[in-house]
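Student: I would like to learn how to read some features of this structure. Please take them one at a time.

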Amino acid sequence: MEKRKYKTKSRKLIIDYLIQSKDRTASIADIKEYFESHEEKVNLSTIYRNLDKMVLDGTVLKYQDGDGKKAVFQYAEHTHACHEHLHMQCVRCGKMIHLNCGFMDQIKGHMMEHHHFMLQCENSVLYGMCENCQ
């Protein structure tokens, strides 16, 4: 039996925010600040619970930020097939870039052939600076 997805006001607000900023990741603090700026009263546990559910159902992707100290989230556009490619994130502005090109097959092939390591692209992020921040 398939679990029913609940569409609460909080869930909709979180998704709306993540869609608006879909080229960047957002932390829990960013989402909380968004709620406060729109005079929405939502406690942190509600934000955590909704994000956990959205990660599980594939609506949202979860990464570690550049220093690995906190989780950040991004709306999962299903057209990107994020499980098939790496991601690049700008350490200055937070922009997330999908490395969706043929070069990924070369990287995965090299790692398997020479290092006997199967790369899991879905949650893998390369950190650097985007063109605008360089």
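**Reading contacts, burial and packing**

Tutor: Apart from its neighbours within four places in sequence, D65 is in contact with K70, V72 and Y127; contact means heavy atoms within 4.5 Å. This is a predicted model, in which local features need pLDDT of at least 70, side-chain atom pairs count only at pLDDT 80 or more, and totals for chains, interfaces and linings use all residues. Residues are numbered from 1 along each chain as its sequence is written, and side-chain values use heavy atoms, with hydrogens and water left out.

Student: Where is D65 found, and is D65 buried or exposed?

Tutor: Buried means under 20% relative accessible area, exposed means over 50%, and partly exposed lies in between (1.4 Å probe, protein chains only). D65 counts as buried, at 13% relative accessibility. D65 sits in the loop between strand 2 (60–64) and strand 3 (71–75); strands (E, at least two residues) and helices (H or I, at least four) are DSSP runs, numbered from the N terminus. D65 and Q89 are 24 residues apart along the chain, and 8.9 Å separates their C-alpha atoms.

Student: What is the relative accessible area of H98?

Tutor: For H98 the value is 19%, so H98 is buried. H98 belongs to strand 5 (residues 96–99).

Student: How do I read two packed helices?

Tutor: Two packed helices are described by the angle between their axes and the distance between the axes. The axes are lines fitted to C-alpha atoms, for helices over the stretch in contact, and angles run from 0 to 180 degrees between N-to-C directions. Here helix 1 (residues 9–20) and helix 3 (residues 44–56) have axes that come within 10 Å and cross at roughly 70°. That makes helix 1 roughly perpendicular to helix 3; under 35 degrees counts as roughly parallel, over 145 as roughly antiparallel, 65 to 115 as roughly perpendicular, and the rest as oblique.

Student: Which residues make the contact of helix 1 and helix 3?

Tutor: Helix 1 contributes S10, R11, I14, I15 and L18, and helix 3 contributes T46, I47, N50, L51, K53 and M54.

Student: At what angle do helix 2 and helix 3 pack?

Tutor: The angle is about 120°, and the axes of helix 2 and helix 3 are 11 Å apart. Helix 2 and helix 3 are therefore oblique to each other. I28, I31, K32 and F35 of helix 2 meet L44, I47, Y48 and L51 of helix 3.

Student: How do I read aromatic rings?

Tutor: A pair of aromatic rings is described by the distance of the centres and the angle of the planes. Rings of Phe, Tyr and Trp (its six-membered ring) pair if their centres lie within 6.5 Å; planes under 30 degrees apart count as stacked, over 60 as edge-to-face and the rest as tilted. This structure holds 2 aromatic pairs. One of them is the tilted pair of Y17 and Y34, at 4.6 Å centre to centre with 35° between the planes. Y17 lies in helix 1 and Y34 in helix 2 (residues 28–37), so this pair ties together parts 17 residues apart in sequence. The rings of Y34 and F35 have centres 6.3 Å apart and planes at 50°, so that pair is tilted.

Student: What do Y17, Y34 and F35 form?

Tutor: Y17, Y34 and F35 form one aromatic cluster. Y17 is buried at 15% relative accessibility, Y34 is buried at 12%, and F35 is buried at 1%.
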